[in-house]
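Student: I want to know what stands behind the labels. Can we take them one by one?

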Amino acid sequence: MARENNINNTRDKFQKFGSFLSGMVIPNIGAFIAFGLITAIFIDSGWAPNKKIAELISPLLNYLLPILIGYSGGGLVHGKRGAVAGAIGTFGIVVGADIPMFLGAMLIGPFSGLVIKKFDDLVKDKVPNGFEMIVDNFSLGILGGIICVLSFLFIEPVVVSVTNAMAGGIEFLMNKGFLPLVSLLIEPGRVLFLNNAIDHGIMAPLGLTQVAKVGYSPLFMIIGNPGIGLGILLAYWKFGKGNMKEAAPGAMIIQFLGGIHEIYFPYVLSNPLTLIACIAGQATNIIVMQLLHYGTVYTPSPASIFSVIAMTPKGKYLSMLIVVLSATVVTFLVASIFVKRYYRNYTGDEEEVSENLNENVGKEISSKEIEKIVVACDAGMGSSAMTASSLKKRLKNEGFDLDVIHTSIQSIPDDADLIVVHKELAEAAKKKAPTKTRIIISSYINPKEFDDVVKLLNEKRSDLKTSLEVLPNDNIIIDDSITTKEDALIKINQKFVAGGYTTEKYLDGMKEKESEFHTNMGNGLAIPHGSYDYKSEILNTGLVVIVNKNGITWNDEKVYLVIGIAGKGDEHLEILSKIATEFDTEEKVKEIVELGDKNKIKKALE
């Protein structure tokens, strides 16, 4: 057990570190694609050579892309101030360097952000009022300038040496024919959801160094080749049985055409021997690329066949097809052996006895209604985006109009009410957001655990309806001392907030509604409620009733009965309609006022 925990902890640390590395690159993928396309089109051997436009390539590679990485790295540590510090610090290591400083940017960017964070923590609550902007700007300028100079004088030469050494090591492996051996390390790491870390954190920086020399690099296709995942899924489609076989065709489309490789990782994890097929396919991929002198101008991201085509240099399309096809065929042939063995004694019984990943889910959830669902994955892009989209569609069909977003595990927002995460990343999500309720899924394609999400939402909605009355006795106020509209609105909102019906901001919504439309009905009745823009501040449907037999001044008129409304969704429309019908005359309003008893008033309103 201890050994298993150590393995899980090590894996979680690698996943966290990998997510941090990829978090510096993935937000800037668009810039990398722009660089890749400009390179592929306008270099001397490109689709449309143009010497003038090709002058953009070197500044993009050596300045813009590293500075963007440094900016993102600093931002991950300390927001906007950290990001600016990261950009300043990174500039110090790119000036004068004759190679792309991506590894340097990944170091100096977060370091610069950390320096600013430590300074801000040190002076927190110690800056005199009115001097905040001066301190912020000068501290960032001074510290950023110091880091920039130190980076230029001392850090840049060290990073250049390390980068050259690593690139030389890769070239040595390639020249000696040993590069295929890296598949022994890369494929196990990939299926543990470290694909983005390996691709963007290791292969991309080294590959760009090769691009600067020869215009392309095979390192970009070590993770980017979609043929390996296609081979695994083809084997399950051909020789598998049950749900995995049925899901394989859809997974192939998503993986090969959409570039979401995470879709096939569970297939490998469910039958670990198929990892041998992935290693064989990767080794083949590398060998064939070396034989054909093939590579792309940047890593295909997302790694679909379309991205591979877009990043392939002119004249290398046949080589590209051979590389992808060979990786697919070898992976398929080897995986077929283990898939057939896995299903040799298959009876279908395991389909009926599946692991309940969410048996105790929901016990720790707060009393607040679930409004924001976050689907989290390693990088927060392909797999989580796909799952979030299908979950939102499923919930809409079930009658839930909720905010469903996707993000990386490291960026799970504080206002998330429910986290949906793949079982292989569940521990990492738990460590990042230990107090959040989690639904664990076994697949990224319409997993059966979506039923658990729907069940939890239905239970939550039912619990809230039974635990919160629309009009408890405590929400009925008989008080002749409330004489103004402003006092009445404040009292109503106090009751709403105390009872868990609205947030404090709902008061602003009621005031705004009064400025748009007088809620005084002209018969001694006022029905204040929030404007549409404050709909999100309503947590549960509720009413607050105020009775004043002497009258409350409401837009130069007297009202004797005030019914404050907080309607979740469109429920306020039904309530407004009912009140308007029941109390359409002044006589009916006075009947309620004259009751003078909370129980009688409540019974009359029901």
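Tutor: Start with a term: buried means under 20% relative accessible area, exposed over 50%, and partly exposed in between (1.4 Å probe, protein chains only). This is a predicted model, where local features need pLDDT of at least 70, side-chain atom pairs count only at pLDDT 80 or more, and totals for chains, interfaces and linings use all residues. Residues are numbered from 1 along each chain as its sequence is written, and side-chain values use heavy atoms, with hydrogens and water left out.

Student: Why is strand E4 called largely enclosed?

Tutor: Five of the five residues of E4 (residues 437–441) are buried, so the rest of the structure largely encloses it. Thr437, Ile439 and Ile441 cover one side, and Arg438 and Ile440 the other; all are buried. Strands here are DSSP runs (E, at least two residues), as are helices (H or I, at least four), numbered from the N terminus.

Student: How do you know that E3 and E4 pair?

Tutor: Pairing needs at least two DSSP bridges between two strands. Strand E3 (residues 418–422) and E4 have five bridges, in the parallel sense. Valine 420 stands opposite isoleucine 439.

Student: What makes serine 139 buried?

Tutor: Its relative accessible area is 8%. The limit is under 20%, so serine 139 is buried. Serine 139 is found in helix H5.

Student: Why is the link between serine 139 and arginine 81 called a polar contact?

Tutor: The term needs a pair of N or O atoms within 3.5 Å; within protein, one must be able to donate a hydrogen and the other to accept it, and residues adjacent in sequence count only if both atoms are side-chain atoms. The two side chains are joined at 3.1 Å.

Student: Why is phenylalanine 131 called partly exposed?

Tutor: Its relative accessible area is 44%.
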